[in-house]
Amino acid sequence: MAKRNTATVWVVGSGRRGLDFARRQGEREGRAVEYADIRDIQNGRVSLAARNDVYVVPQNEHYPLLPSLFPSLCLAPSVNIHVAESEDASFRFPYFRGERVTQDGIVFLEFPYRAMGVFPSFLKRLSDLVFCSCLLLLLLPVLLVSAVLVKCSSKGPVFYSQPRIGLHGKIFEIYKFRSMKQGAEQNGPLLSKKGDPRITEWGEIMRRYRIDELPQLWNVIKGDMALVGYRPEREFFIREIVKVSPYYTLLYALKPGITSLGITTFGYAENVEQMLVRLEEDMKYWRRLSLKEDLRVGGKTVKVVLYGIGK
């Protein structure tokens with residue numbers, strides 16, 4: 001007698017369409033199926049613990065809920081995500097790159113996200129810890145000189161911290177050398193731009209060579225960030241981005257990084273429109289997620305730093 005496969009399959013849905021699909025999946029030999037209403041997951045009443053497949057089958061009116069649902073779906077490294085097309089074909093997933101598969105009369109989009117496996121994730125974290133620890137020791141003279149120059153360039157503290165949104169949408173404090181005059185945002189959040197009078201002379205040099213980002217090595221050691229990831233933003237600007245591109249929240253499945261494909265390709269953003277352009281680059285990294293891609297982004301970062309071509 002063949003051994004029964006008891007791996008859980010989640011069906012995330014709403015209404016009769018999702019329930020019927022869950023029932024049909026449960027009738028298949030060897031399929032242990034659990035059903036969750038999409039709204040219960042969004043509200044935090046149900047958390048997924050899938051090891052195999054997740055089928056997302058919403059009612060048409062609930063497709064707008066998907067952006068808030070995807071971060072919780074993308075956390076397990078072995079999950080395969082299948083999203084049902086809307087019955088009236090109104091749903092468009094902007095970052096989808098894959099095949100369509102029909103099952104039980106429903107056309108599914110094979111979701112492109114694949115997290116790193118357990119061992120590659122362990123290697124990434126280990127290499128981050130070793131590299132950042134060595135880099136802090138190696139660059140200690142640079143850090144000390146930079147601290148002195150920050151203090152001499154304008155009144156205020158050497159370092160500043162700022163709340164950013166990271167893994168799983170959680171808030172953490174990011175650390176940097178202060179590159180702007182004290183009280184630069186006393187009138188509210190404001191992105192920097194070329195020729196920004198708030199930036200000190202030494203701050204301008206630090207930003208060009210990314211020296212101001214060096215204190216984030218401590219963020220990596222703490223576990224808030226990775227060396228390579230995506231640019232973490234403030235909640236104020238994320239709200240503005242999500243108004244235009246709600247799938248920004250997909251990045252919550254990853255740790256933000258000191259460097260990213262978006263930063264090395266595009267640089268600092270001066271407005272929300274430029275943030276959206278940079279988001280496209282970060283989404284490319286998200287689709288290619290691998291240690292090989294991390295090395296490629298790391299190589300581009302070295303070129304930006306050595307040649308001072310940071311924007």
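Below are my entries, from the overall fold to single residues.

**Ground rules**

I'm working with a predicted model, where local features need pLDDT of at least 70 and side-chain atom pairs count only at pLDDT 80 or more, while totals for chains, interfaces and linings use all residues. Residues are numbered from 1 along each chain as its sequence is written, and side-chain values use heavy atoms, with hydrogens and water left out.

**Overall fold**

I started with the secondary structure and found 11 helices and 10 strands in the protein chain. These are DSSP runs numbered from the N terminus: H or I of at least four residues for helices, E of at least two for strands. Next I checked burial: 48% of the 311 residues count as buried. My cut-offs there are under 20% relative accessible area for buried, over 50% for exposed and partly exposed in between, with a 1.4 Å probe and protein chains only. Then contacts, meaning heavy atoms within 4.5 Å. Taking those between residues at least 6 apart in sequence, I get 71% joining residues at least 24 apart.

**The largest pocket**

How much space lies in the largest pocket? I noted about 880 Å³. The volume is the space filled by probe spheres set on grid points, which are joined across faces, edges and corners. The grid is 1 Å over the protein atoms alone; a pocket is an open set of points where a 1.4 Å probe fits, with protein on both sides within 12 Å along at least five of seven lines, and lining residues have an atom within 4 Å of a point.

I listed 29 lining residues, and Phe 131, Leu 135, Leu 227, Thr 301 and Val 302 lie nearest the centre of the pocket. Which element gives the most to the lining? That is H11, with 10 residues. Helix H4 (118-138), strand S9 (226-229), strand S10 (257-260), helix H9 (261-265) and helix H11 (291-307) each put in at least two. By type, I have 18 nonpolar, 6 polar and 5 charged residues in the lining. Here Ala, Val, Leu, Ile, Met, Phe, Trp, Tyr, Cys and Pro are nonpolar, Asp, Glu, Lys and Arg are charged, and the others, Gly among them, are polar.

I moved on to strand S7 (residues 159-165) and strand S8 (residues 171-177), which run antiparallel and are joined by 7 bridges. Two strands pair if DSSP finds at least two bridges between them. One pairing I wrote down: Gln 162 has Ile 174 in S8 as its bridge partner. The hairpin has 5 residues between the strands, and His 168 there takes a positive phi near 65 degrees.

**Positive phi elsewhere**

Most residues other than glycine have a negative phi, so I looked for exceptions. Asp 104 has a positive phi of about 55 degrees and sits in the loop between strand S5 (100-103) and strand S6 (106-110). Asp 104 is partly exposed, at 30% relative accessible area. Arg 210 also has a positive phi, near 65 degrees, and lies in the loop between H6 and helix H7 (216-222). Buried or exposed, this Arg 210? Arg 210 is buried, at 11%.

**Salt bridges**

I searched the whole structure and got 16 salt bridges, each a side-chain nitrogen of Lys or Arg within 4 Å of a carboxyl oxygen of Asp or Glu.

- Arg 23 and Glu 27 meet at 3.2 Å, N to O. Both are in helix H1 (residues 15-27), 4 residues apart, about one turn of the helix. Arg 23 is partly exposed at 44%, while Glu 27 is exposed at 57%.
- Asp 40 and Arg 45 meet at 2.9 Å, N to O. Asp 40 is partly exposed at 23%, and Arg 45 is exposed at 57%.
- Arg 239 and Glu 235 meet at 3.9 Å, N to O. They are separated by about one helical turn because they are 4 residues apart in helix H8 (residues 235-244). Arg 239 is partly exposed at 46%, as is Glu 235 at 45%.

I also noted one network in which salt bridges with shared partners join Lys 176, Glu 213 and Arg 231.

I found Glu 204 in helix H6 (residues 201-209), partly exposed at 35% relative accessibility.
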